[in-house]
Amino acid sequence: MTHVRLKNVSKTFTRGRDGSRVVALDDVSLEVAKGEVFGVIGHSGAGKSTLIRLINGLETPTTGEVWVGDHEITALAEKDQRAVRRDIGMIFQQFNLFRSRTIAGNVAYPLKVAGVDRAERDRRVARLLDFVGLLDRAHDHPEQLSGGQKQRVGIARALATEPSLLLADEATSALDPKTTAEVLALLGRVNKELGVTILLITHELDVIRTVADRVAVMDSGRIAEAGPVYDVFANPASDVAADFVRDALRDRPSPEVLARLRRTHPGRLVTVAVRARTGLAKTFFAHGVTADLVFGGISELQERAVGSLTFELTGPADGIDAALAELRAGGIDVTEEND
Amino acid sequence: MDEFLSNLPIFREAIGTTFYIVGISVVLGGLLGLLLGLVLYATRPGNLLSNRPVFIVVNILVNIVRPIPFVIFLLALQPVMLATIGTTIGADAVTFGLTLGAAFAVSRIIEQTLIAVDPGVIEAARAAGARPLSILFTVVLPEALGPVILGYTFIFVAVVDMSAQAGLVGGGGLGDFAVTYGSQRYNWTVVYITVATIIVIVQAGQFLGNFLARRALRR
């Protein structure tokens with residue numbers, strides 16, 4: 001079942017005195033299923049922040065429709081949008097906690113807005129703080145917490161009204177790797193234990209790889225490609241997606257590294273993409289080819305291997321040709337690296 | 001000194017008058033200024049209650065009044081005073097002028113202070129489904145409380161200063177006392193004691209303001 005749907009959405013900003021126009025989103029269509037973790041990845045300026053703000057009506061598209069459940073956000077008046085917002089939680093890169101309120105006060109705020117009475121508010125705040133592991137900090141103020149703790153408060157606050165959808169705007173970009181892992185684990189629990197649909201935007205492939213089920217790759221206001229995370233990043237069809245994979249895995253030699261490898265390794269250099277079981281060693285051996293591993297990296301994406309290895313192949317030329325032909329016939333992506 | 005002691009009851013009365021003028025001006029002017037400041041902040045294009053016509057009108061009004069020297073402002077207000085409070089001299093007239101003067105000064109200070117509030121927390125409140133007016137009072141003002149208190153402290157000091165100047169136009173209070181019983185009689189003891197009293201009042205106000213702001217900022 002579809003939870004969030006964007007239909008041909010475009011957003012143009014008019015900037016400055018000269019009224020120059022900036023296209024933030026260009027004909028974006030996208031569907032997020034109920035209960036999934038959907039990631040949107042893109043470099044800064046790709047339009048991600050605008051996209052996520054359309055969903056709870058913080059931004060209005062220039063053209064197109066935004067649907068959340070049965071509500072067409074784009075057709076609602078501001079007043080009716082506010083009611084829908086109570087079913088959509090949001091967390092932010094800079095946490096955006098209220099400094100003037102305690103931790104408990106921050107989590108209670110959406111409940112006050114929703115008109116929940118005091119006793120019920122206290123009960124829910126305690127339960128939420130317990131869920132994010134910060135019950136003992138209820139009476140502290142935000143500046144007494146570390147970044148990771150602040151984001152956990154942000155998550156508790158976003159979940160206060162028991163929303164069915166959580167929007168995460170670069171939620172881990174201000175955190176160190178260890179804290180990032182903790183916050184992502186918590187988001188995983190929010191999705192699995194509470195059944196909350198999560199739409200997150202990020203510029204880090206690691207975030208997508210850790211929590212997302214499906215991903216959309218954005219580039220200059222457009223969706224370059226979208227699909228299950230493994231499919232998109234194991235076989236990227238767009239240059240942006242391929243760039244993200246290369247930057248994250250560092251599995252393919254850069255032109256500089258390649259030039260050095262060519263100087264030090266006189267044999268034939270090939271880079272082989274590693275996906276599932278490849279039987280590389282057996283194939284090379286069978287054709288009398290010696291394969292020396294000179295570069296590469298293999299990582300895991302949704303419990304499946306992804307990466308590539310660069311070999312220096314020595315042995316009879318026809319043996320090498322035959323081995324490579326056999327690999328290609330088996331659907332394995334092979335790149336010759338000798339210019 | 002003898003002359004000062006012989007005028008002690010009048011001195012006490014002058015202190016009382018200064019507190020009356022400053023007290024009413026800071027409270028009434030402060031509230032009026034808070035209202036104007038909130039309007040300036042909230043109606044600014046792109047803000048919570050974005051409304052260009054209202055913003056432009058209030059903004060220009062504040063810009064016209066603010067640069068007028070206070071003594072001249074008092075004179076210019078005389079017809080208005082006559083029409084409203086029925087007099088153009090004395091403590092009530094000064095209080096009337098000071099209240100308006102303080103209000104316009106406070107409005108800018110409030111506006112500038114609120115603009116510095118992190119737009120991120122406002123976005124968080126909007127995402128929680130809060131109404132713009134509610135955000136103004138439950139998020140924006142509390143978040144800016146420390147700087148707002150310091151702003152009011154600044155205004156308190158300025159109002160004490162202006163109330164003394166108003167003594168020159170017969171407004172009563174410590175400024176009036178210093179002129180009438182001090183400088184006009186070449187009695188510098190009276191002038192210096194009056195100045196010292198004003199300094200003590202200002203110091204006490206500044207101290208209290210700093211204390212409250214520190215508590216609001218929890219530093």
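This report describes the domains of chain A, a sheet in that chain, and the interface between chain A and chain B. The structure is a predicted model, and the values below are computed from it.

**The two domains of chain A**

The domain assignment divides chain A into domain 1, covering residues 2–247, and domain 2, covering residues 250–336. Their C-alpha centres lie 40 Å apart, and the contact between them takes 11 residues from domain 1 of chain A and 11 residues from domain 2 of chain A. Together the two domains of chain A bury about 990 Å² between them, with 52% of this area on carbon and sulfur atoms. On the side of domain 1, A:Arg209, A:Tyr230 and A:Arg246 supply 62% of the area that this domain buries against domain 2 of chain A, more than any other three residues.

Across this domain interface the rule finds zero salt bridges, whereas four residue pairs, both members at pLDDT 80 or more, are found in polar contact. Helix H8 (229–234) and helix H9 (239–249) of chain A each supply at least two residues of the side of domain 1 that touches domain 2, and the largest share of that side, four residues, comes from H8(A). Sorted by class, the residues on this side of domain 1 of chain A comprise six nonpolar, one polar and four charged.

**The interface between chain B and chain A**

Between the chains, 21 residues of chain B are in contact with 22 residues of chain A. Chain B and chain A bury about 1,800 Å² between them, of which 47% lies on carbon and sulfur atoms. The rule finds one salt bridge across this interface; a salt bridge joins B:Glu123 to A:Arg53, with the closest N and O atoms 2.5 Å apart. Seven residue pairs, both members at pLDDT 80 or more, are counted in polar contact between chain B and chain A.

The elements of chain B that give two or more residues to the side touching chain A are helix H7 (119–127) and helix H8 (132–143). That side of chain B is made up of 10 nonpolar, four polar and seven charged residues.

The two interfaces can be set side by side as follows.

| Interface | Buried area | Share on carbon and sulfur atoms |
|---|---|---|
| Domain 1 of chain A and domain 2 of chain A | about 990 Å² | 52% |
| Chain B and chain A | about 1,800 Å² | 47% |

A search of the whole structure finds 24 salt bridges over all chains. In chain A, the side chains of A:Arg214 and A:Glu36 meet in a salt bridge at 2.9 Å, N to O. This pair links distant parts of the chain, since A:Arg214 lies in strand E9 (residues 214–219) of chain A and A:Glu36 in the loop between E2 and strand E3 (37–41) of chain A, 178 residues apart.

Technical notes. Residues numbered from 1 in each chain as written. Chains lettered and ligands numbered in written order. Predicted model: local features only at pLDDT ≥ 70, side-chain atom pairs only at ≥ 80, totals over all residues. Heavy atoms only, no water. Domains from an automatic or database assignment. Contact = heavy atoms within 4.5 Å. Buried area = accessible area lost by both parts, 1.4 Å probe. Salt bridge = Lys/Arg side-chain N within 4 Å of Asp/Glu carboxyl O. Polar contact = N/O pair within 3.5 Å; in protein donor to acceptor, adjacent residues only side chain to side chain. Nonpolar A, V, L, I, M, F, W, Y, C, P; charged D, E, K, R; others polar.
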